[in-house]
Amino acid sequence: MMTRESELIPADVDPVETEFRKICTAIPTPESVEILTALRALEPRAMGGQPPIVWDHGRGVTVSDPYGNRWLDFSSGVLVTSVGHGHPAIIEAIERMAAHGLYHAYCFPTAIRLDMVREIMSWLTKPLARVLLLTTGAEAVECCIKLARTQGLRAGGRKKNVLVTFDDAFHGRTMGAQLAGGIESLKSWMGDSDARFVQVPFPDGFRQTDTSFDVFERALQEEGIVPDHVCGVMSETYQGCNATILPTAYAQALRAWCDEHQAVMILDEVQAGFGRTGKAFGFSHLGVVPDLVACGKGMSGGMPISAVLGTDALMNLYGPGEMTSTHSANPICCAAALANLRTIREEHLVENAAKLAPVLRKGLEQIRLVARNKIGRVDSIGLVGALQFTEPGTTEPAPTVAREMVKRAVQQGVMLFAPVGVGGCAVKINPPLLICEEALREGLDVLEAIAGSL
Ligand SMILES: Cc1ncc(COP(=O)(O)O)c(C=O)c1O
């Protein structure tokens, strides 16, 4: 039985209607409860945790449910839909490839794979010279770990097997990626720590106030790690658990350190790559080029495809068939991702992210101001930002307030994913790169009004 829309809106939620947002039912919508509870009954709890909205379709910077509600998307799913939802170029590419009759090709050569690899090459800086297409970000990270360890064995023997990564880092949920991750709660299931994976403080200037490279060297010393035993160092260019980019001087010192000790420098750009930060790559801000780069998310346009980018020597360590997997370079994923990257280029979306970066930054600072001591730290670069909710005057996470912020934003038509990061305290703001200034300002105004009443 249909209930009148006005009866479904709780007293404290006003109906919303603008070009980008429309909320005309209670949230969660009563009609959606059947889907929500059936999923809850059939899936592991791990698939839960996001706002209780049934995603049905999207167009540009908006995403809609099947019940008449529409959200301004500040999530890009999870930093994936850089050209927005329902982009005609991506739909056309997927339809064309499917209609052509090829939706799987294993590693047999295809013309679409060549087109995709060539497109990625056109984004690269030397000495990055080769592209391996895989399926997920974690798979790309695993491949980087394997290459660094293999290179270590060759350059320094069995002792050169330590991979250094950073506190609070997230690299994916497969075992190597979790060993490399710096979030203890995510790897407690492994029981033991592994001496070949070592984390050092990330120079975020917040929880780690000394951002000098001395901290890196001191941390290794304290762990008893001989620098020449390090096979590689891997970091996110900005930490995905918030949006803190490596300081330039630190990144350059790290590059020099890796060269001195024959360690592979790996940057995980699964979030940062292909325009999110307002430049082609996050490392384009830092004056360094890593030896290996893991990419996924924003490169993909929405289909499961990822990439490892690397130097000639590293990428050729393995022989035919030794780094591939079943869905490497799936033709439909290649077609979609190619359309995505071409659209980013043709519609100048990297430039758009750079142009709107100050608007995002200013909006976030304003949100922090009105939140009166509830937000301990604001970070942003390009079109990714994070508000870290903390106990006043400390770095202690305040996850309850962060969750409330997300809940109210979604009730008012701004789509955010659940808080992430240290203690679940960070609210991430990362709209599609094609967002216009008007939409960005509208969403930020909504968040500011909420922050003022938390
Ligand atoms: C920085 C970073 N690396 C790796 C991954 C893992 O990517 P995927 O979920 O595609 O395996 C993620 C996913 O959130 C990420 O943010």
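Let's start with strand S14, residues 306-311. Five of its six residues are buried, so S14 is largely enclosed by the rest of the structure. Keep in mind that this is a predicted model.

Who pairs with S14? Take strand S6, residues 128-134. Six bridges join S6 to S14, and the two run antiparallel. As a reminder, strands of a sheet pair through backbone hydrogen bonds, either parallel or antiparallel.

Next, the ligand. How many residues are around the ligand? There are 13, and Thr136, Gly137, Ala138, Gly172 and Val270 come nearest. Helix H6, residues 137-156, supplies the largest share of that shell, with three residues. By class, the shell divides into four nonpolar, seven polar and two charged residues.

Now another sheet. Three strands form an open sheet, in the order S15-S16-S18, with antiparallel pairing. Which strands stand at the edges? They are S15, 375-381, and S18, 426-429. Each has a single partner strand, so one side of each is left without a neighbour in the sheet. On average, neighbouring strands here are turned by 15 degrees against each other, direction ignored.

Look at strand S16, residues 384-389. Four bridges join S16 to S18, antiparallel again. Within that pair, Ala386 has Lys428 of S18 as its bridge partner.

Two helices pack on this sheet. Helix H13, residues 349-370, touches S15, S16 and S18. The direction of H13 makes about 175 degrees with that of S15. Helix H14, residues 399-411, touches S16 and S18. For H14, the angle with the direction of S18 is about 30 degrees.

Last item: H13 also meets helix H15, residues 437-451. Their axes come within 8 Å and cross at roughly 10 degrees. Angles under 35 degrees count as roughly parallel, and H13 and H15 are therefore roughly parallel to each other. Which residues make the contact? From H13, we have Leu356, Val359, Leu360, Gly363, Gln366, Ile367 and Val370. From H15, we have Glu437, Leu440, Arg441, Leu444, Leu447, Glu448 and Ala451. The residues of this contact divide into nine nonpolar, two polar and three charged.

That's my tour. Over to you.

Methods:
Residues are numbered from 1 along each chain as its sequence is written. This is a predicted model: local features need pLDDT of at least 70, side-chain atom pairs count only at pLDDT 80 or more; totals for chains, interfaces and linings use all residues. Two strands pair if DSSP finds at least two bridges between them. Axes are lines fitted to C-alpha atoms, for helices over the stretch in contact, and angles run from 0 to 180 degrees between N-to-C directions. Two residues are in contact if their C-beta atoms, placed from the backbone, lie within 7 Å. A residue is near a molecule or strand if its C-beta atom, placed from the backbone, lies within 6 Å of it. Ala, Val, Leu, Ile, Met, Phe, Trp, Tyr, Cys and Pro count as nonpolar, Asp, Glu, Lys and Arg as charged, and the others, Gly among them, as polar. Angles under 35 degrees count as roughly parallel, over 145 as roughly antiparallel, 65 to 115 as roughly perpendicular and the rest as oblique. A residue is buried if 20 or more other C-beta atoms lie within 10 Å of its own, exposed if 12 or fewer, and partly exposed in between; C-beta atoms are placed from the backbone.
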